[in-house]
Amino acid sequence: MELLINLTINGLATGMLIFLLAAGLTLIFGLMDVLNFAHGGLFAWGAYSGTWIYATTGSFVIGIIGAIITGLILGVATERWIIKPVYGNHIQQILITLGLMLVLSEMLKVVWGPNQISATAPSYLAGSWEIGNVIIIKYRAFIIVVGLLVFLAVQYILKNTKIGLIVRAGVMNKEMVQSLGINIQKVFMLVFMIGAGMAALGGVLLAPYSGVIYAEMGLEFAILAFIVVVIGGMGSFPGSILAAILVGLSGSFMAYYVPDLALAVNMLLMAAVLIFKPSGLFGLKG
Amino acid sequence: MMSVQLKLDQVETYIGQYHILQGINFEVRKGEVTVLLGRNGAGKTTTLRTIMGLNPASKGSITYNNEEIKSLPTYHIAQKGIGYVPEDQGIFAQLTVEENMKVAMKSENDETKERLSYILNLFPDLKKFWKKHGGLLSGGQKQMLSIARAYVNDNDMLLIDEPSKGLAPIVVEKVMDSIMQMKEKTTIVLVEQNFMMASTIGDRFYIIDDGRTVHDGPMNVLKEDDEMRRKYLGIA
């Protein structure tokens, strides 16, 4: 029983980190029809900038805020100068965002050096709680709580505000939203910024969880995030959290029970969804 | 003579490599219902999409209240006061009727609320299914929602693309009645294949053939010209 609870907590924590990356990706994908392969780069920049700010200031909270601001700034710059000129052209989007991903990764090495950097959780989040025979690692519980809070906040905005309504409508029919007098370009930029901010938050939270950060981490996590987007359904925000939890849990359980299949299980899940429900579990398109 | 609200002069539009509109000229007078007629594929829908900037014109001029709007982005054209009801109705399927209306409403001031109340009285079905998802409405209800959404703001022109398409005759009648009532409050440009409907509502007509406007005049003239109807519309 203790083992099951621990595997579940591990899976949920990993799932939440993937969710933070995938949530922005799915909204950008759904609303803007943009295949942003550079999203993982924003995640890695969040990890590096947040860890550096944390190390410099000694405050993990300031580190998190710094990472989010870095994500927002990079998000605006990416949308304005890289994505905007290639709206509507998927081939160009893939090429330019893959290129940007490489540039962002290499820039990390230029700024912080090519070696891995170790990261630790602040003392108040280090250690664990012991409840009966179950040991709950504090930092993992923290990631789960933060992930859930972000989900609830964004979900609230999507459901209860005019801008959220416009984003949901835009995912379904951009042309109609514009025909109703709404400047969708401004909405695009906002969504891209929020997506980038969430990715950067995911990155900085991952750092103490994995213990080390490295320039290529963005690409590795971006692959998982793309799998989550496919499973959850393009453009579906609730779909992204459920699929991320599914991917996190399946990875955690398989790594323990059938380690050889741990990496393959996500691909198998994605393949099953593509065969039986190509629009994803909660797909709004297709 | 009523003032000209919208004017298209030698408008040409390409979609990809296809030269769809090859010279569209027409004027819409304030307070009138102008009907665009023509066979399938003649360019009627593209004409409305070109006015909205969804398929931007490559040549010619489009003026609205004497202001050139040809190069403006779609949202800006809509903000000028043009409401658009597309052929596929453009309903946000996973939003409720209420949410569909709220996306469209630029503000929630008294005037907008009054217009909302007017349009809901015109289409009581929308009030009945206020909390229902747009995708679950019938074809006629979707059409009503699409028209209501275009009307709810202070738009002084509506572009309505084939409102009778795919609807049962009884529903067509209902939609037609409501457009007749709205005619008193706003200028309408209507694309319609159903000549009975078009001739009942319309004040003026333009016939589009192969991407060009080929005839125009008061609707009464077309009603009496069997030869023209047979030639361009395929009906006697």
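In chain A of this predicted model, the axes of helix α5 (residues 138-160) and helix α8 (residues 184-210) come within 10 Å and cross at roughly 170°, the axes being lines fitted to C-alpha atoms over the stretch in contact, with angles from 0 to 180 degrees between N-to-C directions. That is why α5(A) counts as roughly antiparallel to α8(A), a label for angles over 145 degrees. Where the two helices meet, Y139(A), I143(A), V146(A) and V150(A) of α5(A) face M198(A), L205(A), P208(A) and Y209(A) of α8(A), contact being defined by C-beta atoms, placed from the backbone, within 7 Å. The residues of this contact are eight nonpolar, no polar and no charged.

In chain B, strand β7 (residues 157-161) is mostly covered, five of its five residues being buried, that is, having 20 or more other C-beta atoms within 10 Å of their own. M157(B), L159(B) and D161(B) point one way from β7(B), while L158(B) and I160(B) point the other way.

β7(B) pairs in the parallel sense with strand β6 (residues 82-85) of chain B over four bridges, and with strand β8 (residues 187-191) of chain B over five bridges; pairing requires at least two DSSP bridges. I160(B) is the bridge partner of V85(B), whereas L158(B) stands opposite I188(B) in β8(B). Together with helix α7 (residues 169-182) of chain B, β7(B) and β8(B) make a right-handed β-α-β unit.

Residues are numbered from 1 along each chain as its sequence is written, and chains are lettered from A in the order in which they are written. Local features need pLDDT of at least 70, and side-chain atom pairs count only at pLDDT 80 or more.

Terms used
Angles under 35 degrees count as roughly parallel, over 145 as roughly antiparallel, 65 to 115 as roughly perpendicular and the rest as oblique. Ala, Val, Leu, Ile, Met, Phe, Trp, Tyr, Cys and Pro count as nonpolar, Asp, Glu, Lys and Arg as charged, and the others, Gly among them, as polar. A residue is buried if 20 or more other C-beta atoms lie within 10 Å of its own, exposed if 12 or fewer, and partly exposed in between; C-beta atoms are placed from the backbone. A crossover is right-handed if, with the strands pointing away from the viewer, the path from the first strand over the helix to the second runs clockwise.
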